[in-house]
Amino acid sequence: DPLFMNEIGSQVERIITALDKRMLVLCTSFKQILALKQYLEPKLKSTNCKVFTQAPGLSRNVLVRSYLEHPHSILIGTSSFWEGVDFPGDKVEILFIVKTPFDNPFDPLVQAQIEDYNQRGDDAFLQFQVPEAAMKFRQGFGRLIRNMNDSGICIVGDTRLYKRGYGRTILGSLPIEPTPYQSVESLLYESQKFF
């Protein structure tokens, strides 16, 4: 939904402007990346904040290196950025997870798994899709906290995690107790106290 992505873009802009830290934004699709890029680039043009976005055919290593060269930057990525990329220390101080990373239900391999669960009379969503999303969610969180010396804030834009029953499973996969925020102002207030 374009309105949802504009709201996420607005939150990211306000957070990065107020906190002046490095930020990693994890998306679940290239469409989300493009929407955030189109929203953020014009708004941050006059600031010293650089926006780096994953794109098909663009080397992940080049993108990460460019991001790390700028102390006040945003890296927006999907798929391979949820795991297998290490950002030690202060390389990511703010992690923004746009949506819960459910696998695409139209992917033939995922469809086959869902069908297998259904044929056994099991609940494919609760027994397969939610645990898979929780594992990927935790891997995404791991981009922020890799060891006992790392610190930062993780912001989740997916309100379904507090409105749906499966949210407890996904949020419960984190090593910390999450705190819901009602507005960006309250989030910024708590974040400024943290930093």
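Select E185 to begin: this residue is partly exposed, at 47% relative accessibility (buried is under 20% relative accessible area, exposed over 50%, partly exposed in between, with a 1.4 Å probe and protein chains only). The term means a side-chain nitrogen of Lys or Arg within 4 Å of a carboxyl oxygen of Asp or Glu. R14 sits in helix α1 (residues 2–19) and E185 in helix α8 (residues 184–194), so you're looking at distant parts of the chain, 171 residues apart. Helices here are DSSP runs of H or I with at least four residues, strands are E runs of at least two, and both are numbered from the N terminus. R14 is partly exposed too, at 33%.

A word on the model: it's predicted, so local features need pLDDT of at least 70 and side-chain atom pairs count only at pLDDT 80 or more, while totals for chains, interfaces and linings use all residues. Residues are numbered from 1 along each chain as its sequence is written, and side-chain values use heavy atoms, leaving out hydrogens and water.

Next, pick E93 and K21: their closest N and O atoms are 3.9 Å apart, in a salt bridge. E93 is in the loop between β3 (73–77) and β4 (94–97), K21 in the loop between α1 and β1 (23–26), so the pair ties together parts 72 residues apart in sequence. E93 is buried, at 15%.

Then go to R160 and D158, a salt bridge at 2.6 Å, N to O. D158 is buried at 5%, while R160 is partly exposed at 25%.
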